[in-house]
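Have a look at the model first.

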Amino acid sequence: MRAIQISSHDGPAALEVVDLPEPEPGAVLIDVHASGVTFPEVLQSRGKYQISPPLPFVPGSEVAGVVRSAPEGSGFAAGDRVCAFPGLGGFAEVVSTDPAQVFRLPDSMTFAQGASIPMNVLTVHFALAHRGRLQPGETVLVHGAGGGIGIAATQFAVASGARVIAVASSEEKRELALRAGASDAVAPEGFKDAVMELTGGKGVDIVVDPVGGDRFTDSIRSLGQEGRILVIGFTGGEIPTVKVNRLLLGNKSAVGVGWGEYWMSNPGYLQKQWAEVEPLLAAGKLDPLVGVELPLDRAAEALELMDSRGAVGKIVLTTGR
């Protein structure tokens, strides 16, 4: 099978197209139609992610495709349309995945959309519903609103009865955020003042922050009473620090969102999440907005696009099946 391999930590340009043996049957064997591209793969290409297997290895944490074979009692059978979270190995034509990390794909969704779901939608569900305790009627500020996490956060918050103010770096990305359901979309420059104006000086209840960097302090300042900032990632490159007196004033909270760590220590949690988000997916309330589809062989280009934050919407690799 064709696969993409990281054989050195020289960045996205060093990814290689290789031929590898197919995985042995045993878990759920999936013929991959599409693979989602996520920021952790960019970090893995430089050896800077917390999950960094010995070289060489096949990256790719989320896929969608058709089940080729499945263990008896797994709940899956040959021919099922699924998406999955293998964690690694997804940038390939075939992947083997634990049944607990495989999910039945709604018939209304394409494989490219399916490959956009596991990392983004389940992370956002954990962030907003579990860690953020989002309530209907609250206001959510979403950074990086033109990317995969930002789109998923916007759609999930709106589906939960919240108002969303989106922050995105270009007019094109802001327009996409509005398509995703945000009531307002603003530029990163001066976003705090814009938030205060849009909320009548009250501030927001939740900040979704996959970016980090120098906007973190103003994000905390944008929170209202008992507001919480959800720390999801650091695509901006810099890990910010918190002056805790800013949390004391206004009874604010900085909340860590470690979705992977949580589900790996809580068996069955992923399927519980899927039971809650699948109806929203089937109803179109969660609708992954795929922005770029590239063939599997162009994985290096896809990661470079992710690294430069040049993509509008989700980046997906396709196998041509």
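**The largest cavity**

Ser-116, Asn-120, Val-121, Gly-148, Ile-151, Ala-152, Gln-155, Leu-286, Asp-287, Pro-288, Leu-289 and Lys-314 line the largest cavity. Bear in mind that this is a predicted model, where local features need pLDDT of at least 70, side-chain atom pairs count only at pLDDT 80 or more, and totals for chains, interfaces and linings use all residues. Residues are numbered from 1 along each chain as its sequence is written, and side-chain values use heavy atoms, leaving out hydrogens and water.

**Cavity details**

- A cavity here is a set of points on a 1 Å grid over the protein atoms alone where a 1.4 Å probe fits but cannot get out, and lining residues have an atom within 4 Å of a point.
- The count comes to 1 cavity of 30 Å³ or more, and the largest cavity holds about 80 Å³ of space.
- α3 (118-131) and α4 (148-159) each put at least two residues into that lining, with α4 giving the largest share, 4 residues.

**Helix α10**

- Helix α10 covers residues 269-282, and its 14 residues reach 20 Å from first C-alpha to last, close to the 20 Å expected at 1.5 Å a residue (the expected span is 1.5 Å times one less than the number of residues).
- Tyr-269, Leu-270, Gln-273, Trp-274, Val-277, Leu-280 and Leu-281 of α10 are buried (under 20% relative accessible area, 1.4 Å probe, protein chains only).
- Among the elements covering those buried residues are β5 (81-84), β7 (102-104), α3, α4 and α9 (259-264).
- After α10 comes Gly-284, with a positive phi near 80°.

Notes: On a 1 Å grid over the protein atoms alone, a cavity is a set of points where a 1.4 Å probe fits but cannot get out, and a pocket is an open set with protein on both sides within 12 Å along at least five of seven lines; lining residues have an atom within 4 Å of a point. Grid points are joined across faces, edges and corners, and a volume is the space filled by probe spheres set on the points. Buried means under 20% relative accessible area, exposed over 50%, partly exposed in between (1.4 Å probe, protein chains only). Contact means heavy atoms within 4.5 Å.
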